[in-house]
Amino acid sequence: MAKGLLVTYALWAVGGPAGLHHLYLGRDSHALLWMLTLGGGGLGWLLEFWKLPSFVAQANRAQGQRQSPRGVTPPLSPIRFAAQVIVGIYFGLVALISLSSMVNFYIVALPLAVGLGVLLVAAVGNQTSDFKNTLGAAFLTSPIFYGRPIAILPISVAASITAQKHRRYKVSVASEPLSVRLYRLGLAYLAFTGPLAYSALCNTAATLSYVAETFGSLLNWFNFFPLLGRLMELFLLLPYWIWRLLMGDPGFNSSYFQEWEKLYEFVQSFQDEKRQLAYQVLGLPEGATNEEIHQSYRELVKVWHPDHNLDQTEEAQRHFLEIQAAYEILSQPRKHRRS
């Protein structure tokens, strides 16, 4: 049955952020992507207004086409590549919040989450990519940055490059009943939101710490890029500026702004606490110079290196990792809070 443009626009207007129009057109991967990201943060949903006619035409062509093109590689799309990197990072951040307490998280759960996010974008529309190679690139990259939240970025980039290298058109298959498609989408949605909901409801305190650490790590990525850091701060304060634009200057008595300020202060205080613990691990007073930090780090690494403590390997390994983590925290430039 041919798909109608008016019906597509109606579904886009009513349930666009939930991907109803993509579900109607048989674009299940795109529908799932919109379900998990609320229409790409709303921006992707709005930009789709001009693309709906081409989506409808593509869906109708797919119904009348018995075989997909063979031996033809889809054109390279910078937009799809950027979306793969962004969604891969998004999936990694969600995994970092909800699954980071798992054993071997940085070896198994993190690359799997990032790789699946990249593959989801790769499967949008009439294209797809190689499952094994994309996940393989993610798993091979993760040990290089073991134990560091910044690992999300290189894993996503490596998986996205691999997905683009192995891009291809989807193989034409017979249409499935709507109930089967909804069942599959429901399972995927629960797999994504279930761990996050469990962490938020059953382990709230730890989840708040994970959220603060994740946001802090995200902000630390931009320490060496002042312009990008400024843009990220503007993005995080966007709800306040929108509120101020619509309601006027609420001042600092606004309960909404106070709640937003509490979140910002919580993230900042968490980062301050991490720096205090890092000074304690290295045995230094707060405000120590870079030379003192480097000297203490080199001395402690020699003392607690696992190769020099074969009789207490586990304890030495724990101290060694703590020392490295503390040195990494104190090596990052500290952002001064603005008044």
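**Accessibility of a tyrosine**

Find the accessibility class of Tyr327 from its relative accessible area.

Solution. Tyr327 has 22% relative accessibility, so Tyr327 counts as partly exposed. The classes are buried (under 20% relative accessible area), exposed (over 50%) and partly exposed in between, with a 1.4 Å probe and protein chains only. The model is predicted, so local features need pLDDT of at least 70 and side-chain atom pairs count only at pLDDT 80 or more, while totals for chains, interfaces and linings use all residues. Residues are numbered from 1 along each chain as its sequence is written, and side-chain values use heavy atoms, with hydrogens and water left out.

**The chain as a whole**

Describe the protein chain by its secondary structure, its buried share and its contacts.

Solution. Start with the secondary structure: 16 helices and 2 strands. Helices (H or I, at least four residues) and strands (E, at least two) are DSSP runs, numbered from the N terminus. Next, of the 339 residues in the chain, 38% are buried. Then take the contacts (heavy atoms within 4.5 Å). Among those between residues at least 6 apart in sequence, 67% join residues at least 24 apart.

**Aromatic pairs**

How many aromatic pairs does the whole structure hold, and how are the rings of Phe49 and Trp50 arranged?

Solution. The search finds 10 aromatic pairs. In one of them, Phe49 and Trp50, the ring centres are 5.0 Å apart and the planes stand at 85°, so the pair is edge-to-face. Rings of Phe, Tyr and Trp (its six-membered ring) pair if their centres lie within 6.5 Å; planes under 30 degrees apart count as stacked, over 60 as edge-to-face and the rest as tilted. Phe49 is partly exposed at 31% relative accessibility, whereas Trp50 is exposed at 70%.

Now classify the pair of Tyr297 and Tyr327.

Solution. The ring centres of Tyr297 and Tyr327 are 4.0 Å apart and the planes are at 15°, so this pair is stacked. Tyr297 belongs to helix 15 and Tyr327 to helix 16 (residues 313-331), so the pair ties together parts that are 30 residues apart in sequence. Tyr297 is buried, because its relative accessible area is 18%.

Which residues do ring pairs link into a cluster?

Solution. The cluster consists of Tyr9, Trp12, Trp45, Phe49 and Trp50.

**A serine in helix 15**

Where does Ser296 lie, and what does its side chain reach?

Solution. Ser296 is in helix 15 (residues 290-304). With 10% relative accessibility, Ser296 counts as buried. Its side chain reaches the backbone oxygen of Leu282 at 2.6 Å. Leaving out residues up to four places away in sequence, Ser296 touches Leu282 and Leu284.

What is the phi of Leu38, and is Leu38 buried or exposed?

Solution. Most residues other than glycine have a negative phi. Leu38, which is not a glycine, has a positive phi near 55°. Leu38 lies in helix 3 (residues 28-41). Its relative accessible area is 59%, so Leu38 is exposed.

**A nonpolar patch**

Which residues make the nonpolar surface patch of about 580 Å²?

Solution. The patch is made by Ile107, Val108, Leu112, Leu116, Phe131, Phe139 and Tyr146. Helix 7 (105-122) and helix 8 (131-141) each give two or more residues to the patch. Helix 7 supplies the largest share, 4 residues. Val108 is found in helix 7 and is partly exposed, at 41% relative accessible area.

Definitions and conventions: Patches are made of residues with over 30% relative accessible area and no salt bridge: like charges are joined within 9 Å, nonpolar side chains (Val, Leu, Ile, Met, Phe, Trp, Tyr) within 5 Å. Accessible areas come from the Shrake-Rupley method with a 1.4 Å probe; for residues, only the protein chains shown count as cover. A salt bridge is a side-chain nitrogen of Lys or Arg within 4 Å of a carboxyl oxygen of Asp or Glu. A polar contact is a pair of N or O atoms within 3.5 Å; within protein, one must be able to donate a hydrogen and the other to accept it, and residues adjacent in sequence count only if both atoms are side-chain atoms.
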